[in-house]
Amino acid sequence: MGVGIEVKELNAWFGKAQVLQDIEMTVEPNKVTAVIGPSGCGKSTFVRCLNRMHEVVADARVTGKVKIGDVDVYGPSTAAVDVRRRIGMVFQKANPFPTMSIYDNVAAGLKLNGFRNRRQLDEIVERSLNMAALWHEVKDVLKKKSGASLSGGQQQRLCIARALAVEPDVLVMDEPASALDPISTGKIEELVNELKEQYTVVIVTHNMQQAARVADFTGFFLMGRLIEFDRTEKIFTTPSDKRTEDYITGRFG
Amino acid sequence: MAKQNVGLRRRLVNWFMTGMAAVFSLIVLMPLFAIFIYLIYKGIGSIDLNFLTKLPQPVGEKGGGMANAIVGSGVILGIASAWGIPLGIGAGIYLAEFGTGKYAQLVRFTADVLNGVPSIVIGIAVYSLIVLRQGHFSALSGGVALGIMMVPTVARTTEEMLLMVPSNVREAALGLGIPQWRSTLSISVRTAASGIITGVMLAFARVAGETAPLMFTALGNDYWNSDPRQPTAALPLQIFNYAKSPYDEWHRQAWAAALVLIVLIFMAVTAVRIVAGRGQMRHSA
């Protein structure tokens, strides 16, 4: 079951440049929340702060509070690897492990964390690929083909399956469809809709129609600030901030 | 008409340039083939079962072989690989995945300098550090000398191959909550494995033919020796000694030994490739 996310006074820097300023956001469990905004507005950095991937970059820094369910993400006794196991992440560019088979790609998160039960692993791999709507396309070549041999859209669904296999509470997607054609994009969007039954989904997108199609809530970021955060219909029909209106009507960005 | 002439000229230039490229590649390949063919021509006649299984005979006596040198080379290279390869790979991983700042730069610089030190200098150094202190030549000191030569090559190629692993692959691993040490070993190193193996085999093949460092360390031996603390025969040493001797029979055996050395190196490299290639997924597979 998905859990909610609570973000308080979140600030983030790359070196001296501040890229996020005082972000406050409450993400509802089992809903899809979209993060939109022009390039460089901090939307990717925001989701990378949720699972402590921001700090992986040299001289990156974060302050503030993030709670995922009852886990204090930046708490003194919380390990980054534990947070990342609870938050599945799908990246902009599909990044399967190139030398691993399809099966090993999906199983990687469990295997490399010491999970050894073969039979259970088989079940989890099948279930994850099913959830990612990829099972029927790859079930005959699971251990024969490498993850990198699939098409772009299939690779992205493979990465979704890989993220789901570790059974996270939240699924974070950073522009998962921006490098895909309309048909593959449609499949991913359909998938997002199904996934929210079991997961809380946060999806970054620079495609406003996509946000309107898939998201229950939408947050609009501009220059490192969260300008407006509300139900998606509200944001796209009667935004309360002038800047949001300008952006969604295509006046800039 | 003018247009057609341009087309003809372009075709001629294209044809000429392609031809030049082919000729140059052939010239590059020629020394290798020439050496190999000449080795076979000179050496194959002296290779028989005796050569591969018997000890050297005194001058004037027919027969005899280099079994002790073949085994000795194997022992010395085994010792060198046993410590040189893991140390080199470890250093390469450190440089690529964790090494930032002054210390890493020092390691990198030292490796590059060590790579350029002439092998005879390494031989003398090991001679004075180990052989003189222990009071005798040994396979062990030979393995130390050759291992020293392997480390920088292995370390630097490992580093370069790891740096070629795309950063989004590393991010994927971290995003799954895989600890960094595990992701380094099971994702980065695995992805770069074929390149790292190439580097290791290159280093191995290079030191397998080294003679100078062994003259100060393993020394050579005309008899069987199973103790790595004693002077030990090696193929390059045997080739050197036999080639500079005045006897025709020894000259023939030197050629044979050279052929055996090259074939053994080739076999070792191929075997490692086959074994390491198993279970590896090719990108296109």
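**Notes on the predicted model**

1. In this predicted model, helix α9 (residues 193-208) of chain B and helix α12 (residues 248-277) of chain B have axes that come within 10 Å and cross at roughly 165 degrees. Angles over 145 degrees count as roughly antiparallel, and α9(B) and α12(B) are therefore roughly antiparallel to each other. Their crossing is right-handed.

2. On the side of α9(B), the contact is made by B:A193, B:I197, B:M201, B:F204, B:A205 and B:A208. From α12(B) come B:I265, B:A268, B:V269, B:V272 and B:A276. By class, this contact has 11 nonpolar residues, with no polar and no charged ones.

3. Chain A contains an open sheet of six strands in the order β6-β7-β8-β3-β9-β10, with mixed pairing. Strands β6 (87-90) and β10 (225-231) of chain A stand at the edges; each has a single partner strand, so one side of each lacks a neighbour in the sheet. From one strand to the next, the twist averages 15 degrees.

4. Within chain A, β7 (residues 170-174) and β8 (residues 200-204) pair in the parallel sense over five bridges. A:V170 stands opposite A:T200 in β8(A). Helix α1 (residues 43-50) of chain A packs on the sheet and touches β3 (32-36), β6, β7, β8 and β9 (217-222) of chain A. The direction of α1 makes about 150 degrees with that of β8(A).

5. Between the chains, 26 residues of chain A are in contact with 21 residues of chain B. The largest share of the chain A side, four residues, comes from α2(A). By class, that side has 12 nonpolar, eight polar and six charged residues.

Note on methods: Residues are numbered from 1 along each chain as its sequence is written. Chains are lettered from A and ligands numbered from 1 in the order in which they are written. This is a predicted model: local features need pLDDT of at least 70, side-chain atom pairs count only at pLDDT 80 or more; totals for chains, interfaces and linings use all residues. Two residues are in contact if their C-beta atoms, placed from the backbone, lie within 7 Å. Helices (H or I, at least four residues) and strands (E, at least two) are DSSP runs, numbered from the N terminus. Ala, Val, Leu, Ile, Met, Phe, Trp, Tyr, Cys and Pro count as nonpolar, Asp, Glu, Lys and Arg as charged, and the others, Gly among them, as polar. Axes are lines fitted to C-alpha atoms, for helices over the stretch in contact, and angles run from 0 to 180 degrees between N-to-C directions. Angles under 35 degrees count as roughly parallel, over 145 as roughly antiparallel, 65 to 115 as roughly perpendicular and the rest as oblique. A crossing is left-handed if the near helix is turned anticlockwise from the far one by less than a right angle, and right-handed if clockwise. Two strands pair if DSSP finds at least two bridges between them.
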